[in-house]
Amino acid sequence: MTRFVVFGAGAVGGVVGARLAQSGHDVALVARGPHRDAIAREGLRIDDPDASATLHLPVTDDASTLGLGEGDVVLVAVKGQHTPAAIEALAPSAPDLPIVCLQNGTANEARFLRVFEQVYAVPVMLPAEHVEPGVVIASSAPTTGILDIGRYPAGVDDRCEKLAAAFRASTFESVARPDVMRWKWRKLLMNLGNAVDAATGRAKGNGRILAAATEEAEAVLAAAGIDVASA
């Protein structure tokens with residue numbers, strides 16, 4: 001049986017880990033600080049529009065204590081600036097340890113591929129929050145989100161299909177996609193909306209700013225020869 005090790009059990013990682021555990025999968029969490037302490041003491045609470053549940057899962061702030069090896073799949077859900085530290089923490093494991101990047105951006109997979117042989121990309125479409133230690137919020141129900149998956153830089157293998165099936169059994173939509181990076185680039189363009197909201201506070205008329213930013217970004221990607229899934 002596969003054990004899912006969630007490296008970075010915040011909003012995205014915590015919700016995905018909780019949903020996998022709720023569907024019967026073996027899950028261990030890597031978290032830090034007060035969040036790790038709260039999970040160890042009281043469990044991980046997941047709230048959604050319909051219910052609240054508390055799950056008592058193994059948690060650590062040191063991945064080396066988990067004895068990573070055959071049968072494990074690491075779901076990396078840290079922010080991009082923390083990817084180098086995640087690689088350093090996981091590097092002592094076997095190079096064939098499967099790494100699944102549940103991360104925004106398009107640079108993380110290439111970094112992991114320098115160290116690990118099996119790297120998978122997931123365009124994360126998941127409204128989730130983490131503002132209180134020990135608690136994550138899934139804002140969508142009954143479908144929690146969309147977690148399509150593919151090998152990096154391209155292709156689909158048997159593990160892709162099995163991971164997509166595990167996600168589907170855990171309240172996510174998921175398709176194994178051989179062209180997964182096209183979808184990750186589209187998600188990156190969608191995230192321009194976050195930057196516009198942060199800069200304008202959702203001021204009236206910021207839709208025009210977002211449209212202009214998206215048009216410029218699409219032109220840049222086209223000039224670079226980068227294929228992007230359509231909106």
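## Basis of the description

Because the model is predicted, local features need pLDDT of at least 70 and side-chain atom pairs count only at pLDDT 80 or more, whereas totals for chains, interfaces and linings use all residues. Residues are numbered from 1 along each chain as its sequence is written, and side-chain values use heavy atoms, with hydrogens and water left out.

## Helix α1

Helix α1 covers residues 11-22; helices (H or I, at least four residues) and strands (E, at least two) are DSSP runs numbered from the N terminus. The expected span of a helix is 1.5 Å times one less than its number of residues, so the twelve residues of α1 should span 16 Å, which agrees with the 16 Å between its end C-alpha atoms.

Nine of the twelve residues of α1 are buried, and the helix is thus mostly covered; buried means under 20% relative accessible area, with exposed over 50% and partly exposed in between (1.4 Å probe, protein chains only). The buried residues are G13, G14, V15, V16, G17, A18, R19, L20 and A21. Just after the helix, G24 adopts a positive phi of about 100 degrees.

## The four-stranded sheet

An open sheet of mixed pairing is formed by four strands in the order β4-β3-β11-β10, where two strands pair if DSSP finds at least two bridges between them. Strands β4 (52-55) and β10 (128-132) stand at the edges with a single partner strand each, so one side of each has no neighbour in the sheet. From one strand to the next, the twist averages 25 degrees, with axes taken as lines fitted to C-alpha atoms, for helices over the stretch in contact, and angles running from 0 to 180 degrees between N-to-C directions.

Strand β10 runs antiparallel to β11 (residues 135-138) and is joined to that strand by three bridges. The bridge partner of E129 in β11 is I137.

## Two buried threonines

T83 lies in helix α3 (residues 83-90) and is buried, with a relative accessible area of 0%. The side chain of T83 makes a polar contact with the side chain of Q103 at 2.9 Å; such a contact is a pair of N or O atoms within 3.5 Å, and within protein one must be able to donate a hydrogen and the other to accept it, while residues adjacent in sequence count only if both atoms are side-chain atoms. Leaving aside residues up to four places away in sequence, T83 touches V78, Q103, N108, R111 and F112, contact meaning heavy atoms within 4.5 Å.

T214, in helix α8 (residues 206-223), is buried with a relative accessible area of 17%. Between T214 and M190 there are 24 residues of separation in sequence and 8.0 Å in space, C-alpha to C-alpha.
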